[in-house]
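Reader: I would like to go through this model label by label. Please say what each one rests on.

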Amino acid sequence: MLGLMQDQPLLISSIIRHAARHHASGEVVSKTVEGDIHRTNYAEIEHRARRLAGALARLGIAAGDRVATLAWNGYRHLELYYAVSGTGAICHTINPRLSAEDIGYIVNHAQDAVIFADTTFAPLLAGVAPAIRGSVRAIVFMTARAHMPDIATPEGMDVLCYEDLMDAAEPIAAWPLLDERAAASLCYTSGTTGRPKGVLYSHRSTLLHALASNLKDVFGLGAADRFLPVVPMFHVNAWGSPYSAPMAGASLIMPGRHLDGASLADMMNAERVTCSAGVPTVWLGLLQHLRASGKRLDGVQRLIIGGSACPPMLMRAFGDEYGVRVDHAWGMTEMSPIGTYNMPKSSNADLPADAAFRLREKQGRVMYGVDMRIVDDGGAELSWDGTTSGHLQVRGPNVCSAYLGDEPGSALDAEGWFATGDVATIDGEGYMEITDRSKDVVKSGGEWISTVQLENIAVGHPDVAEAAVIAARHPKWDERPLLIVVARQGCTIDPSALRAYFDGKVAKWWQPDDVVVVDELPHTATGKIQKMALRDKFRDHLAGGS
Ligand code: AMP
């Protein structure tokens, strides 16, 4: 017997309709590319998104077509999120930090029909245009006529102005009814090996992710919140916040391209931001600015950190010096992206301060809709004792089943688990801690050494700005840890003193065999250290033994 409840599909358009009707005055504040502050609200965003939907139809965009964006966090980008997905087309967000070659590849792979871009990216597009002439028939600059850049494009590729299109279009009367399983948005992983791969989200996965991430122990946004996503809308949908914030009625404060510590602190204080999300390097920049300028954060209660491991000093510094809580979260593009969030349970209430802090360093507990487990090299499930580490696998309705172009289910094992590529422990209460990437872990004489743990210790040294540990070949132990560091400005690093810094912090056999000091470390388009490049360069550094 079927239930007798209303059968309404879970559609992205329902979020903006809800926000416009029930949180009409919820603000969307954007720092524009031109440098001014633009203010609007959810009622206007919904109306303009329907007008943009009319403009998309005039451009010949139909359900299932791919419409790309190359843009910072801002109100027009938000309008595109809703107009494109809301009409059944697929919003393909492109990471401008990818190489021009990778951008050309993914535009052609996705077969994007139109690219909407911030004017900042005109030179990038001019360079890529010849490579994408087969797919893209128009580039639309997200600006008004007065600010249109002058770029040359191949024949058959129009250059259009967003506000001109808006002026010429009629808003659609209502959002169409779609299949909730239809594709809604597309994001390519910035793979460190091989070509980027497309993760294709559905309306249903996006809605379920937004609902779950708004639970109290996850993002838990409310209508009184003013949320500033530093995480970009061009990478995994700014962790889903363009959906979860309007769903909760929280205002969105969009920083545009101004992501340095000073700009963020100013915007947070001027716009009374209560909560924000970003990667560790962003919060490091903010902390350095606050310390140097003597400024405070007036209304910020919580900074969410993820994308790579949260350095413990960051959590302590924001808490102790600024009274701002730092919450640790973990996820990945293939998970929409939130997997875990670290919020204490009532059973953790009586922990001594040090143990409570140590617990908060972990990546956290799964949010509803995500299941996880750890397995050994042979696929056997490992115990949740907080010390045994294994390959982390996940499953759930927000987890990808295959990459774009592949057979559904092809990214999963026989039992439906997706291999995250991370190595982790899980404790008895379900708190997961990432100890490595599967391909980065150091296998020394058959035992695993966590490169993440060694890096965390290294960056705790006052002279170290950034650190990476790689597995270097070793004649006796197969692999041994090699520490590669960048010195803090004005500091010099003594390799043997830095090695001694590990004494008592990890077992003797975990200590790096050597330290190499470099001027800078290579990074991926999403700001992660490119360990592949380091391995290529330093793999044989210990080949003579030590
Ligand atoms: P991406 O798909 O680019 O978002 O990258 C996902 C990967 O980033 C994960 O598989 C992890 O290796 C890493 N990652 C994300 N969040 C964290 C975190 N809080 N701690 C450690 N690693 C993280």
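Author: Start with valine 236, which is found in helix H8 (residues 236–239). The model is predicted: local features need pLDDT of at least 70, side-chain atom pairs count only at pLDDT 80 or more, and totals for chains, interfaces and linings use all residues. Residues are numbered from 1 along each chain as its sequence is written, and side-chain values use heavy atoms, with hydrogens and water left out.

Reader: Why is H8, residues 236–239, called a helix?

Author: A helix is a DSSP run of H or I with at least four residues, a strand a run of E with at least two, both numbered from the N terminus.

Reader: What makes the phi of valine 236 worth a remark?

Author: It is positive, about 45°, although valine 236 is not a glycine. Most residues other than glycine have a negative phi, and most peptide bonds are trans.

Reader: Where is there a cis peptide bond?

Author: It joins serine 336 and proline 337, with omega about 10°. Proline 337 sits in the loop between strand E14 (325–331) and strand E15 (338–341).

Reader: What makes a space a cavity and not a pocket?

Author: On a 1 Å grid over the protein atoms alone, a 1.4 Å probe fits in a cavity but cannot get out; a pocket is an open set with protein on both sides within 12 Å along at least five of seven lines, and lining residues have an atom within 4 Å of a point. Volume is the space filled by probe spheres on grid points joined across faces, edges and corners. There are 4 cavities of 30 Å³ or more.

Reader: Which residues lie nearest the centre of the largest cavity?

Author: Thr32, Val33, Gly74, Arg76 and Asp118, out of 16 lining residues. That cavity holds about 170 Å³. Strand E1 (27–31) and helix H3 (75–86) each supply at least two lining residues. H3 has the largest share, 3 residues.

Reader: What is the size of the second largest pocket?

Author: About 830 Å³. Its lining has 38 residues, with Arg358, Glu361, Glu433, Gln453 and Asn456 closest to the centre. H14 provides the largest share, 5 residues.

Reader: Why is the contact of glutamate 27 with arginine 226 called a salt bridge?

Author: The rule asks for a side-chain nitrogen of Lys or Arg within 4 Å of a carboxyl oxygen of Asp or Glu. Here the closest N and O atoms are 3.2 Å apart, so the pair qualifies. The pair links distant parts of the chain: glutamate 27 is in strand E1 and arginine 226 in strand E10 (residues 226–229), 199 residues apart. The whole structure has 32 salt bridges.

Reader: How many salt bridges join domain 1 and domain 2?

Author: The count is 0. Domain 1 is 12–24 + 39–202 and domain 2 is 442–543, with bounds from an automatic or database assignment. Their C-alpha centres are 41 Å apart.

Reader: What makes these two domains count as being in contact?

Author: Contact means heavy atoms within 4.5 Å. By that rule, 6 residues of domain 1 touch 4 residues of domain 2.
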